[in-house]
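Have a look at the structure first, and then we will go through it topic by topic.

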Amino acid sequence: SDHMENIYGYLMKYTNLVTGWQYRFFVLNNDAGLLEYFVNEQSRHLKPRGTLQLAGAVISPSDEDSHTFTVNAASGEQYKLRATDAKERQHWVSRLQICTQHHTEAIGKNNPPLKSRSFSLASQGSANSPGVQRRPSQNAVSFFSVGHHRLPTGKRVPIMQPDHLVDVREMMSQAEGQQRDLIRSIECLPASGHLTSLDQDLLMLKATSMATMNCLNDCFHILQLQHASQQKGSLPAGTTISWLEPKISLANHFKNGAAQNFPAEINKPASVREEQSIAEPCQLTREPEEINPDEELEDVCDDKEDDLGAVEEQRSVILHLLSQLKLGMDLTRVVLPTFILEKRSLLEMYADFMSHPDLFIAITNGGTPEERMIRFVEYYLTSFHEGRKGAIAKKPYNPIIGETFHCSWRMPKSDVATDAGTSSSAQPPSEQVTLPKDPEGQAEPDCYTVKFVAEQVSHHPPVSGFYAECVERKMCVNAHVWTKSKFLGMSIGVTMVGEGVLHLLEHGEEYTFSLPCAYARSILTVPWVELGGKVNINCAKTGYSASINFHTKPFYGGKLHRVTGEVKQNMTNTVVCRVQGEWNSVLEFTYSNGETKYVDLTKLSVTRKRVRPLEKQGPFESRRLWQHVTESLRDGDIDKATEHKRALEERQRNEERLRAETETPWCTKYFLKDGDGWVFHKPLWKTVSAAQTQQMDSN
């Protein structure tokens, strides 16, 4: 009670993606159990701009930094707030928690539940175990009547009484406390003996109990939505309610998460012999290297990621890892076990998104701005299927800073779609530009060549840059991506932060685009991947844009891997094309003239990339860098793969430490910093511009 005084002051409040963070004047009203905020202190005598009931609320300091915290009300409303420093955050959090506890307990005392039998998850007695209480009027239908079926005509859904939700919140609070006690009891067990803290059944209990509580919180949120809807009228038929996912604020995308203290390796072998030849820092030239396409050979590597044996055998490793993670935790610095890795680097995965070069080149052959935008959308949506190797959600290698990947594709000109009645190589004489010839190794005259290069330009945060170009068609794409991972309970979310730009130099057009989020679901059983989120594609010159939604599987109803989108002319607000389907199966394009086109991604021809043999690759090129890890994974030798992986990571840490001590900045090889992004050092738009200037001077 000594700490129950009213407090007030300025905090930053996150509003939305457009407005971002704003200073607001907050008042904690302990007597009423309210958190109120005003535009500023001078408007304190006016009606509050917003109010949260603190009874039943959850106050959570954020893992993002030492200043941010959230207030999650029992109504489902959330305030994301930021103090000026860690001390002020602690002051607000502690006062809010005291007020919340006081008013939550007061509600419980004023609404005593009926006595019923109790149960206990723990083995030592049930004196303090929470009871399962249910009022006589309550039944399963009154709790879970939200569905996708149509209700019989004339029948009304039972209205849930407000105190029922209070009972549910009280029971959940008791269950959460008991779950924490259970976790604490397991972690206090000895490390050796008949029953240890690493017992597989106990690890399973820890992980599943945490998932159960998360699921219950989601269900409680659904009950609250149901109750609110029933006050206004019953939910319409076909209603779908999605699982709750921790939201990742775009305003904070370029701030790296705080380091977490995790063991360097899980289940590390007793003796690990470091390979000194690998672990010692390499003093390599950072000068860009011109890759001769004639040295590249058609790729024969075909590593399918469909073997679940290792996942089953390593179940206890996954459980042990999950038992240490917290919801919303940034996984950037968490070392994941080796057996869940794909046999390729993330940089090579970006290259595999280009496995339909015919669709890529065909974009610039569109006869109108509308057709070019639609073609780009078609290429964009077909790229994700081949980018994923198999249906299993395995993780590519985290690239080492300075790591690069090179490849190319050769595509017969006859295989590339052209505009009606127009040759794929035809262009107005006024737009013809003679480009400087590539050093050695020109592709066959009847083939187009698409060249690709990627580089890991930053370690913390982990940022990759990649660039692809087709010189013959004067088109290129430049992108930078930060893969930001979050632990979401029984799944892992990956936000692809960054932007790409497609340049069609024949038309003077630039198309900006972003990438969807990815989720690894069911990580305890058979992990699988789904994409989610909204992405936009824009061309400022032509005024055409596309909005694409990747839909995650909803809690009730719905399909897997669903995607919808539309292409619009912004000036007239006219939709010229709609698309729907599954991003890994069949896509349906409907055009404004009424025509419909179906694209079956499973039957699209895939062009194999061309890669230099290992003996011709540099020591920092992906396949050579990770070759020992890849070979060990192919052989099924997880321990040996872990050795090689740890040696690479240790070398990276040593080199980073050395640069910090000597205050030596890292120098990239192919990409240059440009504002918040990264740009290829020799992009095609500069080459074309220089060639045009040279021709004008010679004339």
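What covers the buried residues of α12? The cover includes β9 (341–345), β10 (395–397) and α13 (638–662), where helices (H or I, at least four residues) and strands (E, at least two) are DSSP runs, numbered from the N terminus. This is a predicted model, in which local features need pLDDT of at least 70 and side-chain atom pairs count only at pLDDT 80 or more, while totals for chains, interfaces and linings use all residues. Residues are numbered from 1 along each chain as its sequence is written, and side-chain values use heavy atoms, with hydrogens and water left out.

**The chain as a whole**

- The chain has 14 helices and 26 strands.
- Of its 699 residues, 50% count as buried; buried means under 20% relative accessible area, exposed means over 50%, and partly exposed lies in between (1.4 Å probe, protein chains only).
- The accessible surface of the chain comes to about 34,800 Å², and 51% of that belongs to carbon and sulfur atoms; such areas come from the Shrake-Rupley method with a 1.4 Å probe, and for residues only the protein chains shown count as cover.
- Among contacts between residues at least 6 apart in sequence, 64% join residues at least 24 apart, with contact meaning heavy atoms within 4.5 Å.

**Helices and the loop between two of them**

- Helix α12 (residues 627–635) has V629, T630, S632 and L633 as its buried residues.
- Seen down the axis of α12, these buried residues fall within an arc of 165°, so they line one face of the helix; the arc is that of the directions from the helix axis to the C-beta atoms.
- After α12 comes G636, which has a positive phi near 80°.
- Helix α4 (residues 200–232) holds L203, which counts as buried because its relative accessibility is 2%.
- P190 sits in the loop between α3 (162–187) and α4, and is partly exposed with a relative accessible area of 47%.
- Leaving aside neighbours within four places in sequence, P190 is in contact with L195, T196 and S197.

**Sheets and hairpins**

- Seven strands make up an open sheet in the order β4-β3-β2-β1-β7-β6-β5, with antiparallel pairing; two strands pair if DSSP finds at least two bridges between them.
- β4 (50–53) and β5 (58–61) stand at the edges with a single partner strand each, so one side of each is left without a neighbour in the sheet.
- Neighbouring strands of this sheet are turned by 35° against each other on average, direction ignored; the axes are lines fitted to C-alpha atoms, for helices over the stretch in contact, and angles run from 0 to 180 degrees between N-to-C directions.
- Strand β3 (residues 34–38) runs antiparallel to β4 and is joined to it by four bridges, with Y37 opposite G50 in β4.
- Elsewhere, β22 (residues 586–591) and β23 (residues 596–600) pair in the antiparallel sense over five bridges, and L587 stands opposite V599 in β23.
- The hairpin of β22 and β23 has four residues between the strands, and G594 there takes a positive phi near 95°.

**Salt bridges**

- There are 21 salt bridges, each being a side-chain nitrogen of Lys or Arg within 4 Å of a carboxyl oxygen of Asp or Glu.
- R612 forms one with E295, and the closest N and O atoms are 3.6 Å apart.
- R612 lies in the loop between β24 (610–611) and α11 (622–625) and E295 in the loop between α5 (276–279) and β8 (297–298), so the pair ties together parts that are 317 residues apart in sequence.
- Of these two partners, R612 counts as buried at 6% relative accessibility, and E295 as partly exposed at 29%.
- R578 and E566 meet in a salt bridge at 2.8 Å, N to O.
- R578 lies in strand β21 (residues 574–582) and E566 in strand β20 (residues 562–569), so this pair ties together parts that are 12 residues apart in sequence.
- Both R578, at 46% relative accessibility, and E566, at 23%, are partly exposed.
- Salt bridges that share partners join D299, R344, E348, D352, K609 and R623 into one network.
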